[in-house]
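Please consult the sequence and structure shown here while reading.

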Amino acid sequence: MAVIKTVATSILCCLFFFCSIREELFSHPLPNSIVQLKIKKKIEGIAKVPLIELESALKDSVRDINPLLVKYFSQHIRTHIQGQFLQTQIDTVYFANAKDSFIGLYQTVVIQFHFNRVHFNDASQFKFIL
């Protein structure tokens, strides 16, 4: 019985792997992004997105910071409070190097942004989307 379960699990994993390489099935193109938020008079944040993952999401290479890239981030970094989305203000976008113990050096795109704060009493009503 255990052998049958192991074989069935292996088959399902293989099917999932081969199905997931289809472009339509990618659920989140930026899984290794890091976001730091500060909530004070306004909501400020810094997002660090690995360049290789951003290029995969855009299906294009990114060689410079341009208005289309800034627009992309202003549309994809959002917050939702009490039933309304706040407008994202992109302050700065730049490239930076990062280091990981497994993969070594890699490039990230750093995005500094903010939202004008609206008054809310319950932090559970705050949703951040990247």
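The model is predicted: local features require a pLDDT of at least 70 and side-chain atom pairs a pLDDT of 80 or more, whereas totals for chains, interfaces and linings use all residues. Residues are numbered from 1 along each chain as its sequence is written, and side-chain values use heavy atoms, with hydrogens and water left out. The protein chain contains three helices and seven strands, where helices (H or I, at least four residues) and strands (E, at least two) are DSSP runs numbered from the N terminus.

**Overall architecture**

- Along the sequence, the elements of the protein chain occur in the pattern α-β-β-α-α-β-β-β-β-β.
- The protein chain has 130 residues, of which 26% count as buried; buried means under 20% relative accessible area, exposed over 50%, and partly exposed in between (1.4 Å probe, protein chains only).
- Among contacts in the protein chain with a separation of 6 or more, 56% are between residues 24 or more positions apart; a contact means heavy atoms within 4.5 Å.

**Nonpolar core**

- The largest nonpolar core comprises 18 residues, and L54, F73, V109, I111 and F113 have the most contacts inside it.
- At least two residues of this core come from each of β2, α2, α3, β5 and β6, and β6 gives the most, with four residues.
- A nonpolar core is a set of buried Ala, Val, Leu, Ile, Met, Phe, Trp, Tyr and Cys residues joined through side-chain atoms within 4.5 Å.
- In soluble globular proteins, nonpolar side chains tend to be buried together.
- I111 belongs to strand β6 and is buried, because its relative accessibility is 0%.
- Not counting residues up to four places away in sequence, I111 touches G45, I46, A47, V49, F73, I77, I90, T92 and V93.
- The C-alpha atoms of I111 and V70 are 8.7 Å apart, although 41 residues separate these positions along the chain.
- With the exclusion of residues up to four places away in sequence, V109 touches A47, K48, V49, L51, L54, F73, V93, Y94 and F95.

**Helix α3**

- Helix α3 spans residues 67-76, and its buried residues are L69, Y72 and F73.
- These residues lie on the same side of α3 because they cover an arc of only 90 degrees around the axis; the arc is that of the directions from the helix axis to the C-beta atoms.
- An α-helix has 3.6 residues a turn, so residues three or four places apart point the same way.
- P67 and L68 are exposed on the other side of α3.
- β2 (42-50), α2 (51-58), β5 (89-100) and β6 (104-116) are the elements against which the buried residues of α3 pack.
- A side-chain oxygen of N66 comes to within 3.0 Å of the backbone nitrogen of L68 at the start of α3.

**Helix α2 and its salt bridge**

- L51, E53, L54 and E55 are the buried residues of α2, and what covers them includes β2, α3, β5 and β6.
- One salt bridge is found in a search of the whole structure; the term denotes a side-chain nitrogen of Lys or Arg within 4 Å of a carboxyl oxygen of Asp or Glu.
- R63 forms a salt bridge with E55, with 3.4 Å between the closest N and O atoms.
- R63 counts as exposed because its relative accessibility is 64%, whereas E55 is buried, with a relative accessible area of 18%.
- Side chains of opposite charge can pair when their charged atoms come close.
- K59 lies in the loop between α2 and α3, and has a positive phi of about 60 degrees although it is not a glycine.
- K59 counts as exposed because its relative accessibility is 55%.

**Strand pairing and hairpins**

- β5 and β6 run antiparallel and are joined by eleven bridges; two strands pair if DSSP finds at least two bridges between them.
- The hairpin that joins β5 to β6 passes through three residues, and Y94 stands opposite V110 in β6.
- Strands β3 (residues 78-81) and β4 (residues 84-86) also run antiparallel, joined by three bridges.
- I81 has Q84 in β4 as its bridge partner.
- Two residues lie between the strands in the hairpin of β3 and β4, where Q82 takes a positive phi near 45 degrees.

Key:
A polar contact is a pair of N or O atoms within 3.5 Å; within protein, one must be able to donate a hydrogen and the other to accept it, and residues adjacent in sequence count only if both atoms are side-chain atoms.
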